[in-house]
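The stops below can be taken in order.

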Amino acid sequence: MNKKFICSILLAMACVGAWSQSGTNSPYSQYGVGILSDQSQGFSRGMNGAALGIRQGNVANTLNPASYSAVDSLTMIFDVGMSGQTTNFKEGSMKVNANNANFEYALCLFRLAKGLGASFGVLPYSNVGYKYTSSTFLDRTNGTVTETYSGEGGLHQAFFGIGGTLFRNLSVGANFSYLWGSLDKVVVSSSTTYINSLSKSYSASVNNYKLDFGLQYTLPCSKDDDLTIGATFGLGHKLKADAQCDVINVRTSGTSDTTSVVISDALELPMSYGVGFAWRHANKLIVDADVSMQQWGKVKMPGYDAKQNTYALRDDLLKDRWAVAVGADYVPDWMSPRNYLKRVHYRAGIGYATSYYNINGANGPKELSVSAGFGLPLLNGYNNRSVLNVSAQWVHTSATGLIKENTFRINLGLTFNERWFFKWKID
């Protein structure tokens with residue numbers, strides 16, 4: 001058991017290293033802290049991330065830490081996930097494709113005592129990765145101005161969570177996370193008539209904490225049915241991270257002038273809220289519906305004002321983000337002794353979300369997504385509790401007058417579910 005535990009730690013560390021490369025090419029990742037990551041696990045990816053009300057003893061559900069209390073007494077769960085995607089970007093008549101692959105998460109879940117479970121691991125928070133150019137013809141005197149935009153980085157979290165049962169049907173939990181990462185963005189301007197070039201470099205580094213709390217209450221409805229109500233709350237606070245802007249004017253002679261502006265304590269996390277309802281029927285069907293909101297509208301963000309030629313905190317760059325997800329999981333007979341297809345989990349889901357940033361004073365793009373997937377039991381001579389979760393997701397991102405994105409994503413999640421905590425008896 002100790003060897004498996006050490007291997008789990010090493011694999012989690014390897015996943016952290018794999019995040020050194022960006023998992024996105026979206027120009028929308030230049031806004032805010034980047035594209036917000038899907039923090040769900042493999043079992044719920046096929047349900048489009050709907051999981052706030054789900055509590056099962058054989059899966060790790062970090063979206064609601066209250067679910068940790070449902071972990072089976074003999075179980076040690078180790079879950080890893082990765083994804084690959086292809087995205088089509090369309091602006092007017094122009095189309096461009098891009099491919100990405102990324103490690104998503106690595107985590108463990110185990111029981112501490114009766115009605116008390118714990119989890120730890122690494123999860124994504126946001127992703128920055130883009131590079132594109134924009135050219136504008138001004139006039140014969142000023143010529144054509146070309147601006148090159150590029151950026152990389154993102155935020156990640158290493159967490160420890162605990163969840164316990166307070167009363168028969170009521171559970172609470174919390175995730176305590178260390179949030180780290182960097183955000184680096186560059187804009188380079190050049191002209192066909194002016195010799196000098198001008199670049200603006202934006203950077204920020206984050207090392208702080210993140211706290212999330214969860215609650216679940218299960219209401220028995222009949223012999224075969226129950227309804228679980230889940231609620232989550234994320235604490236908003238300052239990240240004690242400075243943001244820096246360097247404006248560099250480069251001459252053909254090789255000399256340059258640099259002006260630097262530093263904003264202290266520039267970044268912060270928003271308050272976040274979520275509620276979900278999960279209906280379960282006879283250990284065969286689970287239907288979950290979630291609604292969540294992140295209060296980015298109350299968060300100030302550092303930004304450059306071209307009209308006033310200033311770099312300062314602004315309250316007009318971000319807005320509240322709303323998301324809705326509905327998903328279902330169906331397994332015909334998870335204990336079927338001979339028919340493998342009856343033990344497979346069949347999943348589907350749909351979602352809708354608004355952006356959390358404004359672009360040139362207008363709302364950013366909205367997001368529509370659908371997903372489908374399978375949970376494939378892995379058979380061996382010891383147990384068939386481990387599962388390979390495979391799902392496909394289509395995401396459409398668009399707003400009037402802006403770039404349209406169509407992303408097709410494949411998610412793979414491997415859940416090792418081993419019986420570690422039992423003792424053999426010899427008769």
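What follows is a tour of selections, from the whole chain down to single residues.

**Whole chain**

Start by colouring the chain by pLDDT, since this is a predicted model. The average over the protein is 89, and 89% of the residues score at least 70. Switch to a cartoon view: the protein has three helices and 23 strands. Of its 427 residues, 47% are buried. Among contacts with a separation of 6 or more, 65% are between residues 24 or more positions apart.

**Residues 1–20**

Select residues 1–20, where pLDDT stays under 50. The model has 30 contacts beyond four places in sequence for this stretch. Where pLDDT is low, predicted coordinates should not be read in detail.

**S67**

Is S67 buried or exposed? S67 counts as buried because its relative accessibility is 4%, and the cut-off for buried is under 20%.

**Aromatic pairs**

Now display the aromatic side chains; the whole structure has 13 aromatic pairs. One of them is formed by Y202 and Y311, with 5.6 Å from centre to centre and 40° between the planes, a tilted arrangement. This pair links distant parts of the chain, as Y202 belongs to strand β7 (residues 197–220) and Y311 to strand β16 (residues 310–314), 109 residues apart. Y202 is buried at 18% relative accessibility, and Y311 is buried at 11%.

Move on to F233 and Y273. Their ring centres are 5.6 Å apart and their planes meet at 45°, so this pair is tilted. Here too distant parts of the chain are linked: F233 sits in strand β8 (residues 225–234) and Y273 in strand β13 (residues 272–281), 40 residues apart. F233 counts as partly exposed at 29% relative accessibility, and Y273 counts as partly exposed at 37%.

Then select Y28, Y31, W296, Y356 and Y357, which form one aromatic cluster. For a charge over a ring, select K200 and Y304: K200 lies over the face of Y304, at 5.1 Å from the ring centre.

**Cavities**

How many cavities of 30 Å³ or more does the structure hold? There are two. The largest cavity has about 140 Å³ of space. To outline the largest cavity, select its lining: F43, Q56, N58, V59, D329, H345, R347, R385, V387, N389, T415 and N417. The elements giving two or more residues to this lining are β18 (345–353), β22 (387–398) and β23 (404–419).

**Two loop residues with positive phi**

Finish with two backbone positions. K240, in the loop between β9 (237–238) and β10 (243–250), has a positive phi of about 55° although it is not a glycine. K240 is exposed, at 63% relative accessibility.

The other stop is N309, in the loop between β15 (301–305) and β16. N309 is also not a glycine, and its phi is positive, near 55°. With a relative accessible area of 54%, N309 is exposed, because the cut-off for exposed is over 50%.

How values were computed:
Residues are numbered from 1 along each chain as its sequence is written. This is a predicted model: local features need pLDDT of at least 70, side-chain atom pairs count only at pLDDT 80 or more; totals for chains, interfaces and linings use all residues. Side-chain values use heavy atoms; hydrogens and water are left out. pLDDT is the predictor's confidence in each residue, from 0 to 100. Contact means heavy atoms within 4.5 Å. Buried means under 20% relative accessible area, exposed over 50%, partly exposed in between (1.4 Å probe, protein chains only). Rings of Phe, Tyr and Trp (its six-membered ring) pair if their centres lie within 6.5 Å; planes under 30 degrees apart count as stacked, over 60 as edge-to-face and the rest as tilted. Helices (H or I, at least four residues) and strands (E, at least two) are DSSP runs, numbered from the N terminus. A charge sits over a ring if NZ of Lys or CZ of Arg is within 6 Å of the ring centre and within 35 degrees of the ring normal. On a 1 Å grid over the protein atoms alone, a cavity is a set of points where a 1.4 Å probe fits but cannot get out, and a pocket is an open set with protein on both sides within 12 Å along at least five of seven lines; lining residues have an atom within 4 Å of a point. Grid points are joined across faces, edges and corners, and a volume is the space filled by probe spheres set on the points.
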